[in-house]
There are 4 protein chains.
Amino acid sequence: MISFKNDYSEGAHNIILERILKENNIQNIGYGEDEHCQRAAECIKKQLNCFDCDVHFLVGGTQTNLVTISHCLKPYQAVIAADTGHINVHETGAIEATGHKVFAMPCEEGKLTVESIQKALDTHTDEHMVQPKMVYISNPTEVGTLYTKKELEELSAFCKQHHFIFYLDGARMASALASEYNDVSISDYSNLVDLLYLGGTKCGALFGEALVIFKKQLNEDFRFSIKQKGAMLAKGWILGIQFEALFEGDLYQKTGEHANIMAEKIKNAIIEKGYGFQFTPCSNQLFPILPDDILQKLEKEFIFTFWEKVDDSHTAIRIVTSWATKEENVQKLIQSIQQA
Amino acid sequence: MISFKNDYSEGAHNIILERILKENNIQNIGYGEDEHCQRAAECIKKQLNCFDCDVHFLVGGTQTNLVTISHCLKPYQAVIAADTGHINVHETGAIEATGHKVFAMPCEEGKLTVESIQKALDTHTDEHMVQPKMVYISNPTEVGTLYTKKELEELSAFCKQHHFIFYLDGARMASALASEYNDVSISDYSNLVDLLYLGGTKCGALFGEALVIFKKQLNEDFRFSIKQKGAMLAKGWILGIQFEALFEGDLYQKTGEHANIMAEKIKNAIIEKGYGFQFTPCSNQLFPILPDDILQKLEKEFIFTFWEKVDDSHTAIRIVTSWATKEENVQKLIQSIQQA
Amino acid sequence: MISFKNDYSEGAHNIILERILKENNIQNIGYGEDEHCQRAAECIKKQLNCFDCDVHFLVGGTQTNLVTISHCLKPYQAVIAADTGHINVHETGAIEATGHKVFAMPCEEGKLTVESIQKALDTHTDEHMVQPKMVYISNPTEVGTLYTKKELEELSAFCKQHHFIFYLDGARMASALASEYNDVSISDYSNLVDLLYLGGTKCGALFGEALVIFKKQLNEDFRFSIKQKGAMLAKGWILGIQFEALFEGDLYQKTGEHANIMAEKIKNAIIEKGYGFQFTPCSNQLFPILPDDILQKLEKEFIFTFWEKVDDSHTAIRIVTSWATKEENVQKLIQSIQQA
Amino acid sequence: MISFKNDYSEGAHNIILERILKENNIQNIGYGEDEHCQRAAECIKKQLNCFDCDVHFLVGGTQTNLVTISHCLKPYQAVIAADTGHINVHETGAIEATGHKVFAMPCEEGKLTVESIQKALDTHTDEHMVQPKMVYISNPTEVGTLYTKKELEELSAFCKQHHFIFYLDGARMASALASEYNDVSISDYSNLVDLLYLGGTKCGALFGEALVIFKKQLNEDFRFSIKQKGAMLAKGWILGIQFEALFEGDLYQKTGEHANIMAEKIKNAIIEKGYGFQFTPCSNQLFPILPDDILQKLEKEFIFTFWEKVDDSHTAIRIVTSWATKEENVQKLIQSIQQA
């Protein structure tokens with residue numbers, strides 16, 4: 001079976017593994033206070049074209065979200081998210097477990113809008129309700145779509161106006177940055193958001209996520225929160241090495257490019273066969289709507305994620321590509337689609 | 001500088017790294033539901049000589065403790081620990097952050113006794129106080145000492161009698177198992193404790209900890225707690241591969257042996273020079289009490305952890321060896337001690 | 001100004017105050033272990049026609065909800081509620097602050113249905129999502145409507161089938177019990193729900209709520225949770241005295257009756273003038289939709305709660321009556337409505 | 001049986017009850033935004049001789065502590081307390097349940113000292129440990145002793161120097177203020193502490209505690225925390241009325257005086273008989289050490305709290321007086337002591 005189930009079915013990009021191997025017997029200081037983490041942070045700051053920010057390295061996505069959100073909010077403050085947002089659905093209540101309400105708004109194409117945030121605000125008027133204080137978005141979204149620069153600027157302006165903390169979960173940021181549909185460059189983000197999470201696990205690393213804090217006051221004592229939530233890796237330099245490799249050149253961009261090219265090929269084959277998509281295909285996640293009989297044939301060779309029954313005879317599925325997706329497997333899938 | 005600061009200054013044992021490399025391009029199911037995790041669990045069960053238990057793989061130590069303790073306790077229940085216990089001191093309040101009091105008892109040589117637990121119990125009589133429900137110990141302890149089988153049996157009997165959950169943090173269990181001062185075999189633990197954490201990070205793995213749950217009812221929905229606390233690694237098989245390597249043969253034992261042999265050599269050199277120890281040296285952590293002038297000389301070449309001022313002219317330090325400690329570095333330290 | 005803003009604008013029913021006065025100089029045991037609490041519990045059990053249950057007395061509504069829900073759920077479990085549910089909207093994230101997600105479902109007339117709970121269940125399939133474990137409803141609902149016996153039976157059967165804990169918040173239960181639209185008697189509840197909260201604050205008491213636990217295992221150590229959440233009143237007998245007064249005869253019923261009769265008169269006046277209601281009027285809360293110019297006139301003499309703009313020229317408001325509402329004030333309101 | 005078990009065995013001072021009665025049928029705004037709360041706050045400010053502070057009214061002591069501490073601390077911050085401190089022992093882990101470690105220091109006479117706080121600080125050096133941020137003391141202490149003005153000034157200076165929040169729990173403040181051993185006037189406190197809790201429950205009120213926040217920034221959004229923790233009384237004016245009565249004249253002082261006078265008489269009888277005390281008697285709590293045979297006789301007529309076995313034949317007990325203690329009961333106790 002060939003899996004298009006997700007973008008974390010393989011290990012790490014070879015360049016990254018080689019670096020880990022090379023460093024293996026060298027002694028490093030623990031807990032992320034080593035030289036690799038420092039250099040990785042500098043590489044990231046350079047790509048962000050922002051040097052007055054702080055970078056922390058964590059292990060996983062849910063962890064990054066819960067450490068960040070619980071660190072920034074006071075007990076009675078809430079985070080606003082799209083109802084499809086990862087923190088609202090797929091983190092087993094991790095944010096609530098730290099005491100905070102996720103106020104989820106219905107959305108289209110997985111995106112929050114200024115209007116939906118305003119609507120959330122309108123219903124929170126006094127101390128009998130939680131106090132919305134943070135806006136959480138994902139880019140790419142959980143349904144593979146991308147925010148335009150204009151959309152991000154509007155959200156950013158709204159957040160500034162209302163003294164909201166604006167947090168962007170970029171678990172799959174490499175795919176966003178490399179997308180032909182994307183008009184936001186990595187150096188734009190420092191002007192747009194307060195906190196930026198640049199994903200590693202789904203973008204070529206063995207594991208690991210980088211969190212960039214642009215707003216100084218949010219960085220105060222952040223390492224206490226990392227440690228308290230069990231997120232401080234003893235051998236932190238393993239994270240540093242990986243992000244050094246990803247960001248000292250264009251490797252991060254490259255991992256996204258490969259994933260996108262693979263997705264684009266599959267997308268075109270689906271379109272040629274006349275099938276549609278539940279969400280606009282823009283990045284490494286595709287949500288085609290397929291006839292159930294076709295799907296049954298494909299499932300004999302390929303693994304996807306079931307998404308939703310669309311009607312009596314059609315189903316939306318999720319197909320994901322990654323830095324590790326093999327061209328030959330994509331060709332096999334395309335052939336199967338064509339012949340189905 | 002040569003570091004004896006801790007046992008997580010280097011990467012992973014070569015055998016482990018090679019396995020990760022070999023598996024790198026193979027697709028695996030995510031979140032620990034892969035074949036490696038399954039096989040690793042079987043290897044561990046075999047060494048424990050207990051097949052009716054459950055094994056989970058987590059990333060780090062504080063994480064393992066907070067996931068486990070918060071999963072097992074009701075909101076008003078507390079965990080009793082030695083005042084030197086890792087959860088009481090060095091986890092930034094991670095257990096309290098999940099809502100539970102750590103009731104810390106003064107102790108000798110880092111060990112809890114039945115008497116001290118009884119004393120804790122005596123002061124908790126009704127609903128105006130927390131309800132002690134779990135006993136947490138570390139073996140080896142945070143000060144390098146070992147529980148004897150008799151001590152563990154007494155604690156175990158007491159816990160059973162009082163319906164306490166007995167949890168053993170074995171972050172450095174390889175060193176305990178391989179110690180010449182140890183009389184507890186790995187297959188004894190299933191009869192002694194309810195929950196056993198077998199450390200990887202400090203015992204040859206790149207990272208990772210194994211948690212064994214002997215009591216069925218404590219395992220119910222445990223994966224929900226892993227996920228909620230941000231502790232479910234997407235590429236879980238990387239943990240599986242490592243624990244397969246450690247436990248399918250005697251590698252775990254071997255990593256402990258090497259660490260202990262290195263420590264023993266340093267210990268003997270210290271004794272020969274006539275210096276004492278703050279805690280009885282039994283495993284890979286040594287706490288020699290050195291004259292300050294000697295210490296100042298050693299610190300020019302070697303890194304230790306400062307432990308405590310003992311008197312005006314003497315200081316206790318912590319020296320740690322590991323699976324990665326090089327014989328030549330140990331010889332350099334011994335020479336420096338001899339010549340100091 | 002005359003207030004119809006809520007049902008807690010006045011103190012306590014005279015009978016209750018007299019009892020408190022009478023007992024004032026008598027020494028009582030603290031923390032709810034006194035004879036009044038015991039007798040009050042017996043009176044409630046008798047009215048419930050259920051003697052194998054436990055009764056606790058707490059101070060306020062949000063407090064009762066947070067103590068109860070946090071006591072019953074494991075860290076990763078969630079409570080399903082109507083999106084208008086008090087715990088979802090008006091408790092400043094009190095439930096989330098104890099670590100639990102409130103999974104809110106859109107609803108009509110403020111009522112949860114089996115269909116909506118099933119929909120919530122369908123989207124929660126594994127450990128990557130919270131585990132729904134409790135169903136929370138209010139009766140009367142937050143919008144003044146009532147569940148029919150048939151609706152409660154359906155919900156109850158569904159909860160039993162899915163091993164859900166079924167919790168009913170009856171902050172205004174007196175009004176429900178006394179409503180002519182109600183077909184559920186107080187003695188039905190022991191067969192319908194697992195936990196029943198009988199409100200005092202809004203039903204004649206100075207303050208205080210009674211929580212009835214029908215399911216034995218949910219009662220285990222409940223007093224630890226009461227104490228831990230700051231909800232154990234030192235002079236607990238003041239709660240006992242009040243609930244004794246309310247439940248030893250028909251005072252609870254009577255307070256509801258008076259509130260409902262007052263509401264019915266206002267309702268009829270509104271209907272006569274040809275105005276409609278946003279929610280079916282059944283109890284002591286009315287949600288008339290009034291022309292804005294009429295509303296402006298009324299607001300000069302009366303205090304209501306603004307509910308929602310319905311269209312450009314109409315607004316829904318909330319009018320609440322209580323055990324303390326004076327007939328003469330109701331007549332003044334009716335006159336003003338008639339003349340407006 | 002006559003109870004000297006605690007100072008909350010009776011209801012409320014007559015003056016207070018009369019006020020509640022008088023106001024009973026008047027409509028008030030809910031949730032503490034009424035005129036009584038406002039006037040009560042003004043009376044308290046006047047007695048404090050500090051007008052630039054904020055006053056909130058809560059229901060109980062554990063509640064006041066948990067709302068206050070959880071509001072002021074960031075997730076990784078801890079509160080330092082005497083090991084006899086109410087928050088450390090008798091609140092069922094209420095503070096830990098909000099996520100914060102109580103770092104308890106051994107103490108004499110129930111009092112924290114600068115030295116013990118410094119010792120706590122010395123062991124908390126980085127992000128691997130909690131960050132001490134608040135100092136909690138009780139005055140009178142849980143063992144009936146009083147801080148001198150000099151002791152409070154030293155603690156206050158230390159807290160300012162280390163940017164600690166200094167919180168004083170005055171659950172029994174009336175007794176402290178009225179004590180002949182006391183040299184701290186109520187108007188001194190604004191210069192000494194950041195947060196002052198003036199107890200009502202144990203000082204003449206039916207129930208209720210006042211929290212004074214001297215530090216503006218700690219008051220921000222405080223009402224959100226009150227509501228979230230279930231501590232916002234719907235009929236808040238009942239709290240306002242009581243504190244108006246207590247603080248508009250000298251009633252608060254008077255309730256303390258009566259309690260102290262009653263205690264003094266008992267104390268003198270005990271001394272005359274040649275018995276000692278476990279803690280210096282200064283306020284309305286006495287901890288005499290009595291021969292066990294004497295104690296057995298007394299227990300036939302009087303209720304005390306067992307405190308501690310002192311030796312084979314002596315036991316320390318706790319005797320508490322209050323505003324409600326009857327002179328005749330004190331005389332009976334004295335006679336029994338004399339005749340025993």
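## Polar contacts between chains A and B

Chain A and chain B share 23 residue pairs in polar contact, both residues being at pLDDT 80 or more. A polar contact is a pair of N or O atoms within 3.5 Å; within protein, one must be able to donate a hydrogen and the other to accept it, and residues adjacent in sequence count only if both atoms are side-chain atoms. Six elements of chain A give two or more residues to the side that touches chain B: β1 (2-3), α1 (14-23), α3 (61-72), α5 (94-97), α11 (222-228) and α12 (237-247). Helices (H or I, at least four residues) and strands (E, at least two) are DSSP runs, numbered from the N terminus.

The residues on this side of chain A divide into 20 nonpolar, 16 polar and six charged. Here Ala, Val, Leu, Ile, Met, Phe, Trp, Tyr, Cys and Pro count as nonpolar, Asp, Glu, Lys and Arg as charged, and the others, Gly among them, as polar. Across the interface of chain A and chain B the rule finds zero salt bridges. That rule asks for a side-chain nitrogen of Lys or Arg within 4 Å of a carboxyl oxygen of Asp or Glu.

## Basis of the model

This is a predicted model: local features need pLDDT of at least 70, side-chain atom pairs count only at pLDDT 80 or more, and totals for chains, interfaces and linings use all residues. Residues are numbered from 1 along each chain as its sequence is written, chains are lettered from A and ligands numbered from 1 in the order in which they are written, and side-chain values use heavy atoms, with hydrogens and water left out.

## Area of the A–B interface

The size of an interface is often given as the accessible area lost when the parts come together. Chain A and chain B bury about 3800 Å² between them, and carbon and sulfur atoms give 55% of that area. Buried area is the accessible area (1.4 Å probe) that two parts lose on being put together, summed over both. A:Asn24, A:Gln27 and A:Lys235 supply 17% of the area that chain A buries against chain B, more than any other three residues.

The contact involves 42 residues of chain A and 42 residues of chain B. Contact means heavy atoms within 4.5 Å. A rotation of 180° with 0.0 Å of shift along its axis superposes chain A on chain B, with an RMSD of 0.0 Å. Both copies use the same surface: 100% of the contact residues of chain A recur in chain B. Copies are superposed by least squares on the C-alpha atoms of residues with pLDDT of at least 70 in both.

## The D–C interface

Chain D brings 42 residues to its contact with chain C, and chain C brings 43. The buried area is about 3800 Å², 55% of it on carbon and sulfur atoms. Between chain D and chain C, 22 residue pairs are in polar contact, both at pLDDT 80 or more. Salt bridges across this interface number zero.

Chain D can be laid on chain C by a turn of 180° and a shift of 0.0 Å along the axis, with an RMSD of 0.0 Å. That is the relation of a two-fold axis. The copies meet through the same surface, because 100% of the interface residues of chain D are also interface residues in chain C.

## Fold of chain A

Chain A has 15 helices and 14 strands. Its radius of gyration is 20 Å, close to the 20 Å that the globule rule gives for 340 residues, so chain A is as compact as a globular protein of that length. The radius is taken over C-alpha atoms; the globule rule is 2.2 Å times the number of residues to the power 0.38. Along the principal axes, the C-alpha atoms of chain A fill a box of roughly 60 × 55 × 35 Å.

## Backbone exceptions

Most residues other than glycine have a negative phi, and most peptide bonds are trans. The peptide bond from A:Asn139 to A:Pro140 is cis, with omega near -5°. A:Pro140 sits in the loop between β5 (131-138) and α7 (149-161) of chain A. In chain C, the bond from C:Asn139 to C:Pro140 is also cis, with omega near -5°.

A:Thr92 is not glycine, yet its phi is positive, near 50°. A:Thr92 lies in the loop between α4 (86-89) and α5 of chain A.

## Side-chain pairings

Over all chains, the structure holds 68 salt bridges. One is between B:Glu264 and B:Lys267, with the closest N and O atoms 3.4 Å apart. Both residues lie in helix α13 (residues 251-272) of chain B, three residues apart, about one turn of the helix.

A:Thr305 is in strand β13 (residues 305-311) of chain A. A polar atom of the A:Thr305 side chain lies 3.4 Å from the backbone oxygen of A:Lys5. Leaving aside neighbours within four places in sequence, A:Thr305 is in contact with A:Lys5, A:Ile317 and A:Arg318.
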